[in-house]
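Welcome! Please take a look at the sequence and the 3D structure below, and keep them open while you read this short tour.

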Amino acid sequence: MSELVVENASVDYGSTVGIADVSLRVDSGELVAVLGPSGCGKTTLLLAIAGLLPLAEGRIAVGDRELSSPAATVPPEKRGVGWVPQEASLFPHLSVGENIGFALAGGARRGGVRGRERAARIAELAELIGLSGLVGRAPNQLSGGQAQRVALARALAPRPDVLLLDEPFAALDTQLRVGLRREVAELLRAQGTTSLLVTHDQEEALTLADRVAVIRDGRLEQFGTPEEVYQQPASDWVARFVGDVVELDGEWRQGRVSCALGSVEAAAVGFTPRDGELVRLMLRPEWIVPRPDLLARAAAGADARVSGISYAGHDAMLTCDLVTGSRVRMRLPAVELPQVGDELRLAVQRPGLAFAA
Amino acid sequence: MTTIVRATEPTVTGTRPPVGLVAFAVVAAAAAAIPLVYLVVRAGETGLATIIQTLSRGRVLEYAANSLGLALAVTATALVLGTAVAVVLTRIRVPFPRSWLLLSSLPLAVPSYLAGYGWLVSFPSLSGFVPSWLLLAAVTTPYVTLPVAAALRSATGDLEGVARSLGRGPIGAFFVATWPQVRPAAIAGSLLVALYALSDFGLVAMMRFPTLTWGINSAYAASFDRAQAATLALLLVVMALVVVAGERGARRQLPRTTARAVRPRTISRGMLVSLLPVVAAAPVVGVAVPLLGLGTRLVQADTLRAVDVPRLLGAIGATVGVAVAAAVLAVLLALPIAALAARYRGRLVSAIESVGYLGHALPGIVVGLSLVFFALAVVPALYQSVVVLVFAYAVLFMPKAIGTMRAGLGEVPPRLIAVARTTGASPLTAWWRVTVPLALPSLGVGALLVAIATMKELPATLLLRPTGINTLATELWNRTVVFEFGAAAPYAAVLVLIAAVPAMILSGVRSTAKEEL
């Protein structure tokens, strides 16, 4: 099967960011997102898997086929690894159909059996990406979204074992991006293609991927499902990078942290605190709710006054000044919002995360 | 779609150039180095004592002083005039600005000896320093005008306004704020002018002004005094290399800022008319007057009656033939160097590239002379054969092919190659299916530039052409030096066509620097 295995992979890459000791296993048919800030080495990882960069240590394999090791790198054209680059990078001198068919044999002689097979495959892929009518066009006549679809079809044409997507939606405007990425994810799942998607967009990674690999400075920080990465981040850095956080200093006491929000139930991450030790409590803004009835379950409450509302349509971010002097942000569904100046009693509806202070 | 290329993107797999490519490039660079290397070898055989003795002769000092004086005068004139024209064309609202810029670049297409011929037709008594100086200045002014105009267009004009607001007058503000941004372009352009003036043979010979090039030719032709010719050539090469080194240094300082350009200012009609002589001087002296002289001579009845059609056709055939051969050879030699320089960095790569550009620094007469020696000593079978002639052209004009092809190959995004590889193409297949089709126009342009330059070349052709082969340039020259202006006219006319038509075609190709025409 076409599962992708990356074991202890390191790439030395001159002065720029390489990767160090990264291990990943992408199951057959799975879509994994590689998430990290710009310059963290995620593209380097992709280029190493594509065979465009050699490994300094470790190995890369697809199924039982070893592709890269420090001793040998199977050349890009023999790896069966497809690549959709950041900008579509279509061949400007070829039509859309010829771009899609670039990898297919029988290009020169039309009419023969191979030529007919090739034409059929191009038509099939053009239909798959919904651009059947544009096969004869030149790449510069396409919109950004169309060009990305063609790049995807071109990469899928030789039926690669693994498909790599390098921020394929980054250059598109927001509305198009949301639509196209959902479409592409569905298409990849329907095709059963093992895929690795590089992105710096948290929302993109969390909504599309089966699992998310978070990379920082060339190292793998966490590899898990979107829920795990978001709700149980492996480090305070991952917590901050993957989503919004509310941070409060407090004192650890028997599985709870006493802080400006009262005594909040929490799980310690990465260390075992002693009672009375100072810790840093992290909460997601939507974990804080103005509901006194929850007080008993997870946390003690705290009185607060709403000092700012940032409205985003589907929900809103409220800034609240606690009577104890701290300030927290909370996210509420924008159904029935309080006003600035309203007084609320806040509670935390699920256990928070405690990190070493 | 926005194109953001990140700096961290690797260009190709690994950073070491393929061994095969390096090998081909080294061979090509070695070929380009033959004239210079052999000249040095030859001078070494002559011995230091003889060289010093030759150099201290009064005649030689005169040649050298004349060459230097002419180069200085031409350079200063072109610098002042070219800068003035560039300022007028970029800072003042003139009618038809594009046409004016094209017009002021036209003198570049005219070989100096053609301009000389055009003036001699009307004024046969012209001779000496002054006409050599003015005509060379006219045909070389565009070397300054074009880069300075480009630099002015990208120079930020806000500073000039700031200087004005701080109490400087318009001219003071220009020198304080704008000139420093333009200076590297102006200096680089001026040094090209100096190189041209040092290397020029045809015009100074027609004007009977004895410079080093003239001295080399007469030492070789009249007395077959090989030692003296070689020594003079070496002296000339040293001067040229100094100039080229200066030009490279100046070019390195070219700023790469992109800023808001200054809007051209509207001035009164009277002022515009008074500026006309500045802008028109070079095109009038370098192009209009010579063409007029040629045209009037050409339509005279006795000229037309005397046209030796078979001989003219023979010259055209020979010229086109050697030009095509030179273009093919130059492109073949330039290809590995351009491919290497477009993708890889490093000391070896820049050394190979620099050697490839040697022809740019070597005066045609020096390449011709050195290859005469080389052919006689190393491959006597090829002496006085077309092979050596074509090789001389290829060495001389290879830099034009390297420049355009390097740019064309460099513009093919490495990512496209990487994409092709991941879809299953081997490196060679990817090169053939992606790089070649995308870079083909630049190969064509490179070949065309070499062909045009070859058709206009005079001094190396004079030294190396096999007996019986006459190009348009040598026919024109042979007739002009014996004052047969009428018989020379048809050849001059065909040369004008050759110089003009491709220049027009190429001016539409964006990747071509106007200086290459």
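## Before we start

A residue is called buried if 20 or more other C-beta atoms lie within 10 Å of its own, exposed if 12 or fewer do, and partly exposed in between, with C-beta atoms placed from the backbone. Helices (H or I, at least four residues) and strands (E, at least two) are DSSP runs, numbered from the N terminus.

This is a predicted model, in which local features need pLDDT of at least 70 and side-chain atom pairs count only at pLDDT 80 or more, while totals for chains, interfaces and linings use all residues. Residues are numbered from 1 along each chain as its sequence is written, and chains are lettered from A and ligands numbered from 1 in the order in which they are written.

Let us begin with helix α15 of chain B, which spans residues 347–356. Its buried residues are B:I352, B:V355 and B:G356.

What do the buried residues of α15(B) pack against? Their partners in chain B are α1 (19–46), α14 (309–343), α16 (358–361) and α18 (386–410).

## The two domains of chain B

Domain bounds come from an automatic or database domain assignment. For chain B, this gives domain 1 (17–47 + 299–517) and domain 2 (57–296). The C-alpha centres of these two domains of chain B lie 23 Å apart.

Two residues are in contact if their C-beta atoms, placed from the backbone, lie within 7 Å. By that rule, 37 residues of domain 1 of chain B touch 38 residues of domain 2 of chain B. On the domain 1 side of chain B, α23(B) gives the most, with 11 residues. That side of domain 1 of chain B divides into 28 nonpolar, five polar and four charged residues. Here Ala, Val, Leu, Ile, Met, Phe, Trp, Tyr, Cys and Pro count as nonpolar, Asp, Glu, Lys and Arg as charged, and the others, Gly among them, as polar.

## An overview of chain A

Now for chain A, whose secondary structure comes to eight helices and 20 strands. Its C-alpha atoms fill a box of roughly 80 × 45 × 35 Å along the principal axes. Of the 357 residues in chain A, 44% are buried.

The domain assignment of chain A gives domain 1 (4–239) and domain 2 (244–356). In chain A, 39 Å separate the centres of domain 1 and domain 2, taken over C-alpha atoms. Four residues of domain 1 of chain A are in contact with six residues of domain 2 of chain A.

## An enclosed helix and a sheet

How many residues of α1(A) are buried? Nine of the nine are, so α1(A) is largely enclosed by the rest of the structure. Among them are A:K42, A:L45 and A:A50. Just after α1(A), A:G51 takes a positive phi of about 85°.

Chain A also has an open sheet of six strands in the order β6-β7-β8-β3-β9-β10, with mixed pairing. At its edges stand β6 and β10 of chain A, each with a single partner strand, so one side of each is left without a neighbour in the sheet. Two strands pair if DSSP finds at least two bridges between them. Five bridges join β9 (residues 211–216) of chain A to β10 (residues 219–224) of chain A, and these strands run antiparallel. They form a hairpin with two residues between them, and A:D217 in the turn has a positive phi of about 50°. By contrast, β7 (residues 162–166) and β8 (residues 194–199) of chain A pair in the parallel sense over five bridges.

## Where the chains meet

The contact between the chains takes 27 residues from chain A and 21 residues from chain B. On the side of chain A that touches chain B, the largest share, four residues, comes from α4(A). By class, that side of chain A has 17 nonpolar, seven polar and three charged residues.
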